[in-house]
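Let's go through a few "how do you know?" questions together. Have a look at the model first.

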Amino acid sequence: MTSPTVPEPKPDAKEPPLAPDESPPPSPTLLPCPALDVRWVHAGAQHLDMPIAPITTTTTAYKSFSADESRRIEDKWITYPEEQRKRIIAEWAKDDGELSSKRTKGKEGERRGSNASLAPTPRARRGSNASTLSVDKDSKPHTESVRSGEEQPRTDEVEATEMSYKDILAKVQQEYDDLELIKGVPVSQDSLFEVDLDTLSLHPVFWAHTGPRVPVLRGTWFVTDETRPCTWELAMEIERGYSANSLQPSYKHELATAMSLGPASEEKLKFNLPPRFGQGLGVIFEDDHKGRLITNGTLTYLSRALWSSLRTKPGGTYVYRGFSAAADASPSSTKETDRRGRSDSTASRRDSISSARSASRPAGKRPESVVLAVTGIDLDSAVKEQVHGVREKIESVKKDIAGTLDDQKRQALEEENVPMTDSSVNDPPCTDLVLVIHGIGQQLAAQYESYNFVYASNQLRQIIRKQSINPALASIIRERRCQVLPVQWRASLKLEPEGSEENIAHEMDNRFTMADITISKSIPYVRELTNSVLLDIPLFMSHHRQKMIEAVCLQANKLYRLWIARHPGFEHTGRVHIVGHSLGSALAAHILSNQPTRMPKLSQLPRMVITQTRDRFLFNTSDLFLCGSPLGIFLHLDQAQLMPRKGRERTMNSPQDEAIERAGKFGCMSIDSLYNIFYYTDPIAYTLNAAVDVKLAALRPPLAITSVTAPFFSSVSDSIGSISKYLPSYLGGGTTEKKEKRPGAIRLPSGLEMIGPSGAERLRGTRGERRFSALNPHGNVDFYLPGSAVSDYLDMITAHANYWSDPSFAAFLLAEIFSTRLDLMRTGMGVGAEEGAHTIEIVGRPV
C-alpha cells in the first residue's frame with residue numbers, strides 16, 4: 001500500500017532577490033511639504049497694554065507679534081547655531097506653551113491626576129488648558145499627565161529659573177556703558193519692549209520689569225486656536241509625524257477610507273507621540289493644516305465609536321499647522337477683527353482689540369472641541385449642531401446692532417479704549433519725548449508694587465492718547481506724536497555712608513539705619529510710610545542732594561541713549577520735554593540751572609563724556625512742566641529768582657536785563673518755556689510768579705487751564721463773563737476797554753520792538769514784563785487746574801497725586817508742546833482766559 005502523496009508546501013510570497021547589477025526600486029515620492037506659517041507669539045498682552053495698576057492675574061493665552069516683528073525675530077533666531085537654540089529651549093522654554101508634560105510625584109501628583117482625569121476644572125482665563133489630556137496609568141501614585149503651563153506646580157527648578165531670570169534683568173538695569181548696542185529684537189510701538197532670544201522672553205526697555213518671566217514662543221502648531229501654541233518639543237514631534245505620514249501620496253485615500261470604516265481603521269493612521277506627552281497619545285492628520293489629538297483605551301474607543309455612529313464630528317482635540325490655519329479656527333467674533341490686523345505688514349491697533357478679547361474670555365468657556373480626560377468624549381461636538389442655529393441667530397443680531405452704529409463713532413471708541421502699543425505703518429512719527437521725573441515716595445515701590453511710578457506714567461500716556469483725538473487738539477498736533485517715559489531715579493539712588501579719615505582714625509564706625517531709630521511701639525504702616533515718603537525731603541536738604549541729582553541725570557541720560565539707539569533720527573528732528581512732579585521738579589530745576597545753554601548732539605559727544613557725565617543732561621530740554629512743585633520754597637531759601645537763559649529759542653535777541661547766559665546760577669534754567677501747574681488744593685504746590693517779579697506778580701494771578709471734562713459749565717461761565725460788562729459796577733460789572741492793537745503788531749517772545757522807517761530797535765515794556773514774556777508765550781508761569789469743586793478738604797487729600805489722571809492736565813501738555821500762538825487763539829485750548837495772558841508786542845516786523 002502506497003502512502004498518499006503529500007503536496008509540497010508553497011513557498012512564501014516573497015519578492016525575488018535583486019540581481020547583483022540591479023538597483024532597488026525607487027521609494028514612493030513624497031508630496032511637497034506646504035510652507036509652514038511660523039508666527040512668534042508671547043504671553044505678555046497685559047504688559048503691552050501698559051497697565052495703570054499692578055498685574056494680579058496671570059494668563060497663558062498667547063498673542064501673536066505683528067508679521068513684521070515676527071519676521072525680524074525669526075531672522076535673528078535662525079542665526080543662532082542649532083546647539084545653542086536647543087540649549088536655550090531646554091533651559092528656559094521647555095514647558096512654555098500648551099500640553100507641556102510634567103511628572104508629579106507622591107500624593108500631590110495622585111490628587112492632581114485624579115481630579116484632572118475626572119473633569120476639566122473651570123478656569124477664569126482662556127489660556128488655561130481646560131482640554132487637558134490626562135491618563136491615569138494603572139491607578140499608580142505616579143501619574144503621567146499633560147497640563148497647561150499655568151497649571152504647573154512651582155517646583156524648586158521653576159523657582160531657580162525665576163531667580164536666575166531676575167538676576168539677568170538686574171544686571172541689564174545696571175548696565176550703562178553699552179546702551180547703544182541693541183541686543184534683543186525691538187517690538188511694540190516706539191520699540192518700548194524687546195524680545196530677548198537668549199532667555200526667550202519679553203521685557204520693557206525703558207523701565208524695570210516686575211513679575212515673572214514673560215515667555216516668547218515660536219508658534220508652528222496650535223491647539224484649537226491661535227492663542228494656544230504647542231510647546232517647542234511637542235510641535236517638533238507633531239511636525240515630524242506630519243512629514244512622515246500625511247505627505248505620503250496614498251495618505252489622503254487611506255484617510256478617507258478609514259473615516260468611512262470607523263475608529264478602528266483610524267487607529268492605523270495615528271502617529272503615536274512619545275509617552276512623555278501622555279500614554280497612548282497620538283495625532284491623526286486630516287488635511288494639510290489640521291490634525292486631531294486622540295488617546296488610546298477602551299473607553300476612548302467606545303466613545304468615539306458612539307459619536308461616529310451618530311454622524312457627529314470625530315472626537316479629539318484639534319491642532320492646526322501654522323498661524324493662519326489656527327486663526328481661521330477662532331470664533332467669528334475675533335476672527336474678523338484679527339484679520340484686519342494681519343492684513344498689513346505690521347499689526348494695527350485693531351490687533352490689540354482681538355488680543356484683549358482673547359485674553360479675557362469668560363470663565364468656563366472652552367475651546368471649540370474639548371476632550372474629557374480618560375473617556376475622551378467630545379461633549380462640545382455632541383451639542384454643537386443643536387446650538388448652531390441659535391448661535392447663528394445671535395451673531396445676526398449682533399451684526400444688526402453693530403450696523404446701526406456710526407462707523408466713525410465706533411472706530412473712535414475703539415481707538416480711545418484700546419491701548420496703543422502695537423507698531424503700525426499708519427502711526428505718525430514720534431516727534432516729542434516727554435520724560436517724567438517723579439517726586440517723593442518711590443521708596444515704597446520696593447515693598448508695594450502699586451506705588452511703582454511706572455503705573456502713573458502709563459496712566460498719563462493713556463490720558464494723553466485719549467486727548468490727542470480731541471478735534472481741537474488733533475488740529476494742533478498735525479500728524480505728530482509724543483511718547484512718555486518715566487525717570488525712576490529713586491530706585492537707582494545709593495546712599496552708602498562714606499567714612500572720613502578723621503572718623504576712621506578715631507574708630508567712629510557706628511553706623512545705624514532708619515530701622516534702628518524708628519519707634520517700635522507705633523502703627524507700623526504709618527511709620528513705614530513716613531520713613532519711605534517724607535525721608536526724601538530731608539535727604540534733598542542734606543549733603544545727599546548731589547547723589548540725588550546724579551541719580552536723576554544717570555537715569556534720564558540712560559533713557560535718552562536707549563531712545564536714540566532705537567530712533568537714530570530723533571536727535572536731529574525731535575525735542576525733549578520734562579515733567580517734574582513734587583520733589584522731582586526741584587531736582588530738575590537744579591540740573592537745568594547747571595546745564596549748558598546748548599548741548600551738542602549725542603553723536604557728536606566723545607564716548608567718555610557720554611558714559612561719565614553725572615551732573616547734567618545729554619540733551620536739550622525744550623519745555624519744563626512743573627506740577628505740584630515746592631520749587632518756590634527752595635528758591636526762597638536760597639534767595640534765588642527765576643531768570644530766562646539767553647541763547648534759547650525765546651531769548652536769542654534779549655537784552656542783558658531780560659535774560660542772562662550764565663550756567664550754574666540757580667533759577668536760570670536752560671529751557672525754552674517754563675510752566676508751573678498746580679491745584680489750589682495741593683498742599684505741596686507753591687506759585688512761582690513772585691520769583692520772576694514780586695511787584696508784577698501781585699497784578700498777575702495764575703491763569704486757568706481749560707477744562708476738557710466740563711464743557712457745559714465752561715460755556716455757562718463764559719456766557720456770564722461776556723455779559724458781566726453790562727452790569728452795574730456795584731454788581732461786579734463794568735465796561736472794560738479793549739486796547740486797540742496797532743497795525744502790524746504781532747505777538748512774539750522777544751522783548752524788542754521795531755519802530756520807525758529805518759527799523760531802529762527800542763525796548764517796550766517793563767523789565768518784569770519782558771522776563772515773563774521770555775519764560776513762556778503766555779507771560780505768566782503759574783497755571784491752575786480746575787478742581788472737582790465738591791470739597792476743598794476732600795480734594796486736598798488726593799490733589800497731589802491727581803495730575804496723572806487729569807484730562808485737562810494732559811490736554812494742556814499737548815497744547816503747549818505742539819501749538820503755536822495762533823493755534824491756541826483758534827482752538828481755545830491751553831489757557832482758559834486768553835485775556836489773562838500777558839505778552840509783549842513787536843511793531844513793524846513782518847510775521
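Q: Where does Ser450 lie in this predicted model?
A: Ser450 sits in the loop between strand 14 (430-437) and helix 15.

Q: What does Ser450 touch, leaving out residues up to four places away in sequence?
A: Ser450 touches Pro54 and Tyr455. Contact here means heavy atoms within 4.5 Å. Ser450 and Ile55 are 395 residues apart in sequence, yet their C-alpha atoms are 9.5 Å apart in space.

Q: How do you know that the span of helix 15 agrees with its number of residues?
A: Helix 15 (residues 453-468) has 16 residues, so at 1.5 Å a residue it should span 22 Å. Its end C-alpha atoms are 23 Å apart, which agrees.

Q: What is found at the start of helix 15?
A: There, a side-chain oxygen of Asn452 comes to within 3.1 Å of the backbone nitrogen of Val454. The cut-off for a polar contact is 3.5 Å.

Q: Why is helix 15 called mostly covered?
A: Buried means under 20% relative accessible area, and 12 of the 16 residues of helix 15 are buried. Among them are Phe453, Tyr455, Leu460 and Ile464.

Q: Why are helix 15 and helix 31 called roughly perpendicular?
A: Helix 15 and helix 31 (residues 807-818) pack at an angle of about 70°. Angles of 65 to 115 degrees count as roughly perpendicular, so these two helices get that name. Their axes are 9 Å apart, and the crossing is right-handed. Residues making the contact include Leu460 and Ile463 of helix 15, and Phe809 and Leu813 of helix 31.

Definitions and conventions
Residues are numbered from 1 along each chain as its sequence is written. This is a predicted model: local features need pLDDT of at least 70, side-chain atom pairs count only at pLDDT 80 or more; totals for chains, interfaces and linings use all residues. Side-chain values use heavy atoms; hydrogens and water are left out. Helices (H or I, at least four residues) and strands (E, at least two) are DSSP runs, numbered from the N terminus. The expected span of a helix is 1.5 Å times one less than its number of residues. Buried means under 20% relative accessible area, exposed over 50%, partly exposed in between (1.4 Å probe, protein chains only). A polar contact is a pair of N or O atoms within 3.5 Å; within protein, one must be able to donate a hydrogen and the other to accept it, and residues adjacent in sequence count only if both atoms are side-chain atoms. Axes are lines fitted to C-alpha atoms, for helices over the stretch in contact, and angles run from 0 to 180 degrees between N-to-C directions. Angles under 35 degrees count as roughly parallel, over 145 as roughly antiparallel, 65 to 115 as roughly perpendicular and the rest as oblique. A crossing is left-handed if the near helix is turned anticlockwise from the far one by less than a right angle, and right-handed if clockwise.
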